[in-house]
Amino acid sequence: MTDKPTVLFICKHNAGRSQLGAALLELGADDRYTATSAGISPADEVNPSIAATVAELGLDISGRTPRKVTPDLLDEADVVVLMKPGLDLPGTPSGRVLQWSFPDPDPDSWSPDDVRPMRDAVAARIQEELLHP
């Protein structure tokens, strides 16, 4: 049992934004939080460009498996971060809810070059709202 707050990042497929949020919190939180992620309709794998831009910071998330958000996950989280507004959740979160919005990278490529600005924006938001509010 831990007394560290759990932050659950949620996006549609748990392949991009939510994986990115959880990884960046892991990297920046100095073990103050438990970071996790889930999606409404999980993909088969983490987006390779997301994994590549996180690897540039020293964390390999390429082997993580996207998972579905459940009522239990919503209930266990102290903070739920919706990485895209308007997600239809399978229950009501018991903790604080944050809704963040980030522009989509180029839909035709989602290359690491296109993803880096979003990565940096997510990292800044984590700093401002979770690590140094």
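Reader: What makes S1 and S3 a pair of strands?
Author: Strand S1 (residues 6-11) and strand S3 (residues 79-82) run parallel and are joined by four bridges. Two strands pair if DSSP finds at least two bridges between them, so S1 and S3 count as paired. Phenylalanine 9 stands opposite valine 81 in S3. A strand here is a DSSP run of E with at least two residues, and a helix is a run of H or I with at least four, both numbered from the N terminus.

By the way, this is a predicted model: local features need pLDDT of at least 70, side-chain atom pairs count only at pLDDT 80 or more, and totals for chains, interfaces and linings use all residues. Residues are numbered from 1 along each chain as its sequence is written, and side-chain values use heavy atoms, with hydrogens and water left out.

Reader: Why are S2 and S4 at the edges?
Author: The open sheet has the order S2-S1-S3-S4, with parallel pairing. Strand S2 (34-39) and strand S4 (96-99) each have a single partner strand, so one side of each lacks a neighbour in the sheet.

Reader: What makes H2 and H4 touch?
Author: Contact means heavy atoms within 4.5 Å. Ser49, Ile50, Ala52 and Thr53 in H2 meet residues of H4, among them Val115 and Met118.

Reader: At what angle do H2 and H4 pack?
Author: About 65°, with their axes 9 Å apart; axes are lines fitted to C-alpha atoms, for helices over the stretch in contact, and angles run from 0 to 180 degrees between N-to-C directions.
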